[in-house]
Amino acid sequence: MTLDAPREGATAGDWSRMWSVFHHAVDLPAAERAPYLAVACAGDEELRGQVAELLDCHQQSEGLLDAPARFLAEAAAELAGAPLPPLPRLAAGDVVASRFEVRRELGSGGMGAVYEALDRELGAAVALKTLRPEVAARRDARDRFRREIHLARRVTHPNVCRLFDLFYDDSRQLPFLTMELLPGETLAHRLARGPLPVAEALEVARRVAAGLAAAHGAGIVHRDLTSGNVILVDDRERRAVITDFGLATAADLDVRLTLSGTLLGTPSYMAPEQLQGGAASPATDVYALGLLLYEMTCGRLPFTAATPWAAALQRVAQPAPSPRLHQPDLDPRWAAVISRALERDPASRHRDAGELVADLAEAPGGAEGRRRWLIAALVTVVMAAALLAALSWPGGG
């Protein structure tokens, strides 16, 4: 759930400055914007380029971005000040809540860090995820966390990471969650090595969709489905497991937390209705699944820009480019399914993740699928010829 900064070492103040300059520039006549940016950016060419790109997105939208631009700019103004405090860190051998012995750190993000730990009471390995104390200190956030965790625990599905409980370590003033330990790698790490074969992408999509359907049936919308929140588990079933279910909806829709990346939403995967301040729904998760399919088959997301928010605004303003622009061999029916999932209007998307995957299953696997079919057919012909020759040989059969 991390939020990429506009540049290394950026603080909340950097975000506030970028959006403040944009907010003022967008109200100026087009001819006055360049002189204003020259003064407002004070020689900071990176800032100037970021604001110019946002202005280009706004211009292309023909005014459609007015509402989200104000929503984001006003929210960013609340971020001015010091960056978030450092996360409390745990070391191997630490025992938290007098029960969980830390073995090693598995990773960290804006919300907290994840560790492998031994539950001494049950004698079982678990994943332990810390939460930022300044977030969990809010009573309303704690109450919401508890409610959402109770909901998430009702979802028992092999493609959804199981949440166990919420704990608090008094000596460290550290809240944390315990959850299923999943050996494997994230889909993001796998995609860093290149796109997936079409057949493999379909299988991952099918498993993720099954997990989404189970959670939606329990009344839970993920709202932050990303390639970093899908684990490709190294087991016999080769499961694709969605993590952080119940966490994305666990905090109130506080725009300060949203923009800081602490809890809600990763801008690279937000649906247009999220960026416009609208309510999340199963269609929001369908959009995110469409982005995952695009990324799995093309090796990239449909929109790229200098900053995550500039790319996010493009998603509000423009239809997603066809995945065939980047993967010409992709079957047109596959491309059509992915494009439908990425419709800006939620009502134009698939009704749910199951419908999306059902559509995919009906589409051939593109050029790769055809090659596999030809290879299989050739093997069949060779085997048949060999069998016929054996039967025709004197003394055979």
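Student: How many aromatic pairs does a search of the whole structure find?
Tutor: This is a predicted model, in which local features need pLDDT of at least 70 and side-chain atom pairs count only at pLDDT 80 or more, while totals for chains, interfaces and linings use all residues. Residues are numbered from 1 along each chain as its sequence is written, and side-chain values use heavy atoms, with hydrogens and water left out. Rings of Phe, Tyr and Trp (its six-membered ring) pair if their centres lie within 6.5 Å. In the whole structure, the number of aromatic pairs found is three.

Student: Is the aromatic pair of Phe100 and Phe167 stacked or edge-to-face?
Tutor: Planes under 30 degrees apart count as stacked, over 60 as edge-to-face and the rest as tilted. Phe100 and Phe167 lie 5.0 Å centre to centre, with 70 degrees between the planes. The pair is therefore edge-to-face.

Student: How many residues apart are Phe100 and Phe167?
Tutor: Phe100 is in strand S2 (residues 100-108) and Phe167 in strand S5 (residues 163-169); helices (H or I, at least four residues) and strands (E, at least two) are DSSP runs, numbered from the N terminus. The pair links distant parts of the chain, and the residues apart number 67.

Student: How are helices H8 and H11 oriented to each other?
Tutor: H8 (residues 198-217) and H11 (residues 282-298) have axes 11 Å apart and pack at an angle of about 165 degrees, on a scale from 0 to 180 degrees between N-to-C directions. Angles under 35 degrees count as roughly parallel, over 145 as roughly antiparallel, 65 to 115 as roughly perpendicular and the rest as oblique. H8 and H11 are therefore roughly antiparallel.

Student: How many residues of the contact of H8 with H11 are charged?
Tutor: Contact means heavy atoms within 4.5 Å. Among the residues that meet are Val204, Leu212 and His216 in H8 and Asp285, Leu289 and Met296 in H11. Ala, Val, Leu, Ile, Met, Phe, Trp, Tyr, Cys and Pro count as nonpolar, Asp, Glu, Lys and Arg as charged, and the others, Gly among them, as polar. Besides 10 nonpolar and two polar residues, the number charged is one.

Student: How is H11 oriented to H13?
Tutor: The axes of H11 and H13 are 8 Å apart, and the two helices pack at an angle of about 140 degrees. That makes H11, relative to H13, oblique.

Student: Which residues of H13 make the contact with H11?
Tutor: H11 contributes Val286, Tyr287, Gly290, Leu293, Tyr294 and Thr297. The contact holds seven nonpolar, two polar and no charged residues. From H13 come Trp334, Ile338 and Ala341.

Student: How many charged residues has the contact of H13 with H14?
Tutor: H13 (residues 332-341) and H14 (residues 353-362) have axes that come within 9 Å and cross at roughly 165 degrees, and are therefore roughly antiparallel. Trp334, Val337, Arg340 and Ala341 in H13 meet Glu355, Leu356, Asp359 and Leu360 in H14. Alongside five nonpolar and no polar residues, the charged ones number three.

Student: In which element is confidence lowest?
Tutor: The predictor's confidence in each residue is pLDDT, from 0 to 100. The protein averages 76, and 70% of the residues score at least 70. Strand S1 (residues 95-96) is highest at 96, while the lowest confidence, at a mean of 34, is in helix H9.
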